[in-house]
Amino acid sequence: MVSDKIKGLLSIKGKKYKELAQLFGISEQAMRNKFVRGSFSADELIMIADFTNCRLAFEIDDTQKIFLTTEDMRTGRAS
């Protein structure tokens with residue numbers, strides 16, 4: 001489940017739910033609800049990657065990757 005992977009990423013990067021909730025502009029409870037539902041949009045996944053200094057990509061093979069960045073977001077929000 002995507003929520004488990006995001007939790008793992010936050011743990012590895014030493015980030016907290018509270019910080020992610022602040023980034024999204026929502027309450028901690030609303031963030032917990034997102035994790036329970038696993039309801040993360042593409043824009044939100046891009047924001048999480050940026051927040052954790054990671055890259056979100058489609059990996060085609062060992063040499064071809066397509067990266068998604070904050071410039072690809074529909075909302076224009078960036079951290």
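This is a predicted model: local features need pLDDT of at least 70, side-chain atom pairs count only at pLDDT 80 or more; totals for chains, interfaces and linings use all residues.

Threonine 69 comes out as partly exposed, because its relative accessibility is 33% and the buried class stops under 20% while the exposed class begins over 50%. You'll find threonine 69 in the segment after β2, the strand that covers 65-68.

Next, pick out helix α4, residues 42-51. How many of its 10 residues are buried? The count is 7, and α4 is mostly covered. Colour the buried ones: Asp43, Glu44, Ile46, Met47, Ile48, Ala49 and Phe51. To see what lies over them, show α1, α2, α3, β1 (56-59) and β2, which are all among the covering parts.

Keep α4 on screen and bring up helix α1, residues 2-12. Two packed helices are described by the angle between their axes and the distance between the axes. Here the axes of α1 and α4 come within 11 Å and cross at roughly 20 degrees. Angles under 35 degrees count as roughly parallel, so that is what α1 is to α4. The crossing is left-handed. Which side chains meet there? From α1, show Val2, Ile6, Leu9 and Leu10; from α4, show Leu45, Ile48 and Phe51.

Lysine 15 lies over the face of phenylalanine 51, at 4.8 Å from the ring centre. Then step just past the end of α4 to asparagine 53, where phi is positive, at about 55 degrees.

Back inside α4, zoom in on glutamate 44. Is glutamate 44 buried or exposed? Glutamate 44 is buried, because its relative accessible area is 13%, and under 20% is the cut-off. Setting aside neighbours within four places in sequence, glutamate 44 has contacts with Phe24, Lys34 and Ser39.

Follow one of those contacts, lysine 34. The charged end of lysine 34 sits over the ring of phenylalanine 40, 5.3 Å from the ring's centre. Phenylalanine 40 is itself buried, with a relative accessible area of 13%.

A search of the whole structure turns up 2 aromatic pairs. For one of them, select tyrosine 17 and phenylalanine 35: the ring centres are 4.6 Å apart and the planes are at 10 degrees, so this pair is stacked. Tyrosine 17 belongs to helix α2 (residues 17-24) and phenylalanine 35 to helix α3 (residues 28-37), so the pair ties together parts 18 residues apart in sequence.

Phenylalanine 35 and phenylalanine 40 pair edge-to-face, with 5.2 Å from centre to centre and 75 degrees between the planes. Leave Tyr17, Phe35 and Phe40 on screen together, and you are looking at one aromatic cluster.

Definitions and conventions. Residues are numbered from 1 along each chain as its sequence is written. Side-chain values use heavy atoms; hydrogens and water are left out. Rings of Phe, Tyr and Trp (its six-membered ring) pair if their centres lie within 6.5 Å; planes under 30 degrees apart count as stacked, over 60 as edge-to-face and the rest as tilted. Helices (H or I, at least four residues) and strands (E, at least two) are DSSP runs, numbered from the N terminus. Buried means under 20% relative accessible area, exposed over 50%, partly exposed in between (1.4 Å probe, protein chains only). A charge sits over a ring if NZ of Lys or CZ of Arg is within 6 Å of the ring centre and within 35 degrees of the ring normal. Contact means heavy atoms within 4.5 Å. Axes are lines fitted to C-alpha atoms, for helices over the stretch in contact, and angles run from 0 to 180 degrees between N-to-C directions. Angles under 35 degrees count as roughly parallel, over 145 as roughly antiparallel, 65 to 115 as roughly perpendicular and the rest as oblique. A crossing is left-handed if the near helix is turned anticlockwise from the far one by less than a right angle, and right-handed if clockwise.
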